[in-house]
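Dear colleague,

Here is the structure for your files. My notes on it follow below.

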Amino acid sequence: AGAAQQDTCQPCSPGSYTNSKGSSRCRPCEAGTFQNKVGQTKCRSCKPGNYCPEGSAAALVCPAGSYSNATNLRAGSECTMCPHGHACSPG
């Protein structure tokens, strides 16, 4: 009798995805996107007030003293600094 075939496919971990059948590896989410679930076929857009470096499993809040109304920011440095005479809470 032959050896039983074993399933060696693993779901993509948070921060990665694949949208192709027969993939040998998962791809990291592009900067400006994130994925917080396992086994996904696409990444989600980073929401306003957040930024997402490459491979993000979660959106990161803009640093204190900055904000953003834009989506898909790739780095905290892309958040807008609060103008003089104003205070900004994180995000």
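Thr-18 sits in the loop between strand E1 (16–17) and strand E2 (27–28); strands here are DSSP runs (E, at least two residues), helices are DSSP runs as well (H or I, at least four), and both are numbered from the N terminus. The side chain of Thr-18 makes a polar contact of 2.7 Å with the side chain of Ser-23. Such a contact is a pair of N or O atoms within 3.5 Å; within protein, one must be able to donate a hydrogen and the other to accept it, and residues adjacent in sequence count only if both atoms are side-chain atoms. Leaving aside neighbours within four places in sequence, Thr-18 is in contact (heavy atoms within 4.5 Å) with Cys-12, Ser-23, Arg-25, Cys-26, Gln-40 and Thr-41.

On provenance: this is a predicted model, in which local features need pLDDT of at least 70 and side-chain atom pairs count only at pLDDT 80 or more, while totals for chains, interfaces and linings use all residues. Residues are numbered from 1 along each chain as its sequence is written, and side-chain values use heavy atoms, with hydrogens and water left out.

The whole chain

The protein chain has zero helices and eight strands, so the order of elements from the N terminus is β-β-β-β-β-β-β-β. Its radius of gyration is 18 Å, well over the 12 Å that the globule rule gives for 91 residues, so the chain is more spread out than a compact globule. That radius is taken over C-alpha atoms, and the rule is 2.2 Å times the number of residues to the power 0.38. Along the principal axes, the C-alpha trace spans about 80 × 15 × 15 Å.

Of the 91 residues, 26% count as buried; buried means under 20% relative accessible area, exposed over 50%, and partly exposed in between (1.4 Å probe, protein chains only). Among contacts between residues at least 6 apart in sequence, 28% join residues at least 24 apart. The accessible surface comes to about 6,200 Å², with 51% of it belonging to carbon and sulfur atoms; areas come from the Shrake-Rupley method with a 1.4 Å probe, and for residues only the protein chains shown count as cover.

Gln-35 lies in the loop between strand E3 (33–34) and strand E4 (44–45). Gln-35 counts as buried because its relative accessibility is 2%. Its side chain reaches the backbone oxygen of Lys-42 at 2.8 Å. Not counting residues up to four places away in sequence, Gln-35 touches a set of residues including Pro-14, Cys-29, Cys-43, Arg-44 and Ser-56.

Ser-66 belongs to strand E7 (residues 66–67) and, at 3% relative accessibility, counts as buried. The side chain of Ser-66 reaches the backbone oxygen of Pro-63 at 2.6 Å. Ser-66 and Ser-56 are ten residues apart in sequence, and their C-alpha atoms are 20 Å apart in space.

Asn-72 is found in the loop between E7 and strand E8 (80–81). The phi of Asn-72 is near 65 degrees, a positive value in a residue other than glycine. With a relative accessible area of 35%, Asn-72 is partly exposed.

Ser-89 lies in the segment after E8 and is exposed, with a relative accessible area of 54%. The C-alpha atoms of Ser-89 and Ala-64 are separated by 5.6 Å, although these residues are 25 apart along the chain.

Regards
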